Amino acid sequence: MKITRHRLMLALISLAFGVAFYKASVIPEPAAFQWPAMELEQGNGAAQISSRFVSSSQNISTHAASLIELSDGRIRAFWFAGSREGAEDVEIRTAVLDPASNKWGNETAIADRHSTQQSLLRFVKKIGNPVPARLGDGTLQLFYVTVSVGGWAGSSITFMTSDDDGETWSPARRLVTSPFINISTLVKGTPFKYADGSLGLPVYHEFLGKFSELLRIAPGGDIIDKQRLSDGKLGIQPVILIKNPEQAMILMRHVGPAPKRVIAATTVNAGKRWNDPEKTELANPDAAITGVARTDGRLLVALNDTESNREVLSLVASNDGGASWQKVYTLEDQRSQTPSPASYIITAALLARETDNSILNPALFANTALDNQCSGEHCRFEFSYPYMIQAHNGEFHLVYTWNRSFIKHVRFTRAWLDQRMKANQHAQLD
Amino acid sequence: MPNLTDLTGLASSASAIITALAMIPAVAQLPNKHLSATLSAAFVLVLLPFGELPLAGYLRGVTGDLSITTMVLLWHVLLKTSKLFVIDVQQRNELMMTVAGVALIFYPFALGISLEDPYRTGYGNPLLIVTLLVVALVATFRKSTLIALCTTLAVLAWSIGWYESTNLWDYLIDPFISIYAIWIFIAAKLKSRFSVSKQ
């Protein structure tokens with residue numbers, strides 16, 4: 001019998017769509033949030049807060065730190081550093097905190113644009129924004145952004161995995177998240193887990209629009225869903241605060257018209273539907289935020305809580321699921337300071353000493369800050385890009401960029417936080 | 001050891017490079033045997049490391065992996081002289097009209113014009129697959145073989161994980177074929193308007 005082109009086409013259609021329907025049928029259904037995210041150890045301990053510098057390299061630009069707890073209770077930090085943000089020599093670096101001694105180990109580089117492009121088999125111009133996640137099988141996954149053409153709006157997300165808590169890493173792989181030559185998806189917010197073991201990764205776009213999205217990633221690394229959280233130019237760098245298996249709030253960095261406020265969206269059905277994003281009462285100068293939902297339902301957020309600069313960094317909390325907020329603690333406040341280089345270096349040295357009184361030469365830290373933050377006779381302070389986690393022992397760890405020069409770590413206990421929240425129960429936002 | 005999806009992605013970029021080469025008049029005028037040998041050699045050459053990456057890797061960094069629809073059209077250009085793969089103009093125009101229409105609706109929404117994101121349906125939404133099945137069947141029975149072929153090969157490639165993308169839309173269209181299709185559409189409109197005004 002003569003096989004016609006028509007019959008061949010029908011056979012090909014049967015094969016292709018048969019396999020496609022099978023593939024679609026095995027994609028996991030939507031799942032509830034994993035809650036609580038971890039089982040916290042009992043006990044509250046003493047009310048303590050301490051700070052340290054995570055990074056130690058002088059005379060470079062350093063930014064965008066993130067954290068993850070290792071299986072033995074140590075804390076690993078990631079950040080990017082190089083001659084300047086976006087430079088070709090930028091590396092993803094890491095260091096580990098020994099909680100017992102409260103000391104950070106030496107920083108090491110784990111990825112640069114050369115290693116990344118050789119793994120990805122495509123040209124890579126610059127890298128940035130590392131964000132770690134732990135998968136259900138214990139594997140660490142490190143997401144970071146790579147750019148081949150243009151600025152950060154040309155970013156795509158790349159990831160590596162580690163089976164030994166970050167000592168060694170697999171070759172980099174690419175996530176495809178956008179239909180327009182896969183550009184303009186960036187990562188900053190803390191990943192979270194769904195009850196079925198899949199990973200939620202908050203991401204954002206910065207191409208024609210500036211908006212937030214949520215990726216759902218299967219344990220093997222394949223994206224299985226993507227949800228849009230905002231549209232147009234409204235909010236980026238989403239952070240998810242999971243209140244229970246069905247309810248969560250997403251906070252976003254403000255990028256829209258005044259008044260400059262943190263943008264929020266909520267869900268009551270595990271993200272099957274997010275309500276339309278709206279402004280909160282929290283001021284935000286178009287700067288990154290971070291947050292943790294406590295198991296008792298209280299929310300804790302670190303952010304630059306002014307409308308115009310990144311010179312103030314605060315901890316704020318909500319006892320009513322995000323309806324209202326109180327300031328808990330001011331981490332940094334150098335507002336209204338437009339110092340000359342001479343006074344900047346004095347203040348920066350004092351701040352470095354306050355951060356870690358064991359450092360021998362705070363002037364070195366101040367000098368690096370001076371290089372990064374002064375232009376001519378004008379200098380400015382910057383405390384930005386906070387990233388916070390809660391460890392199994394209940395302690396909170398917060399890292400942020402200190403004057404674009406170092407990564408600062410602040411560690412505090414539940415007892416300290418409870419004390420502050422009680423003391424500031426009726427405190428107002430600035 | 002590269003992943004299979006890196007090899008297929010590099011092959012898509014290599015195909016674009018050698019198609020561009022094949023369209024250079026001096027190359028296009030070569031005798032068939034010489035043309036095949038030249039393009040085959042060029043295909044291998046652009047996949048060999050040049051500095052840190054193969055030449056195809058530099059292009060891939062900029063373009064990403066090309067859609068199956070683009071690949072079908074690129075290989076049509078490459079195989080045209082061999083008469084192995086012949087597409088008539090009407091079939092090509094039907095495909096271009098379809099791609100242009102889809103792209104004009106798809107990209108604004110996929111790039112953030114609203115909270116609705118059609119790209120999301122590419123992660124295995126059964127409704128999208130059923131729609132594509134209907135498109136493929138209707139195109140087959142209407143003898144629009146090129147639309148049926150591109151749709152079916154794209155669905156098959158997505159099903160077997162041909163590229164690193166897990167989204168079906170990345171197999172169906174890309175910005176390059178979309179811009180080309182929209183240009184063809186606009187050019188045809190301008191041409192018909194111009195010829196009407198001349199009458």
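**Chat on a predicted two-chain model**

Mentor: A:Leu121 sits in the chain A loop that runs between α2 (113-120) and β7 (126-134). Helices here are DSSP runs of H or I with at least four residues, strands are runs of E with at least two, and both are numbered from the N terminus.

Trainee: Before we go on, what are the ground rules for this model?

Mentor: It is a predicted model, where local features need pLDDT of at least 70 and side-chain atom pairs count only at pLDDT 80 or more, while totals for chains, interfaces and linings use all residues. Residues are numbered from 1 along each chain as its sequence is written, chains are lettered from A and ligands numbered from 1 in the order in which they are written, and side-chain values use heavy atoms, with hydrogens and water left out.

Trainee: Back to A:Leu121, what is its phi?

Mentor: Phi is positive, about 55°, although A:Leu121 is not a glycine.

Trainee: And is A:Leu121 buried or exposed?

Mentor: Buried, with a relative accessible area of 16%. Buried means under 20% relative accessible area, exposed means over 50%, and partly exposed is in between, using a 1.4 Å probe and protein chains only.

Trainee: What about phi at A:Asp165?

Mentor: Phi of A:Asp165 is near 55°, again a positive value in a residue other than glycine. A:Asp165 is in the loop between β9 (155-162) and β10 (173-175) of chain A, and counts as buried at 13% relative accessibility.

Trainee: Where is A:Arg74?

Mentor: In the loop between β2 (61-69) and β3 (75-82) of chain A. A:Arg74 is partly exposed, with a relative accessible area of 29%.

Trainee: What does A:Arg74 touch?

Mentor: Leaving out residues up to four places away in sequence, A:Arg74 touches A:Ile68, A:Glu69, A:Val96, A:Leu97 and A:Pro99. A contact means heavy atoms within 4.5 Å. The A:Arg74 side chain also makes a polar contact with the side chain of A:Asp72, at 2.8 Å. A polar contact is a pair of N or O atoms within 3.5 Å; within protein, one must be able to donate a hydrogen and the other to accept it, and residues adjacent in sequence count only if both atoms are side-chain atoms.

Trainee: Switching to chain B, where is B:Thr19?

Mentor: In helix α1 (residues 4-22) of chain B. B:Thr19 is buried, with a relative accessible area of 3%. A polar atom of the B:Thr19 side chain lies 2.6 Å from the backbone oxygen of B:Ser15. Not counting residues up to four places away in sequence, B:Thr19 touches B:Leu74, B:Val77 and B:Leu78.

Trainee: Last one, how many helices and strands does chain A have?

Mentor: Five helices and 28 strands. Of the 430 residues of chain A, 59% count as buried. The C-alpha trace of chain A spans about 90 × 45 × 45 Å along its principal axes.
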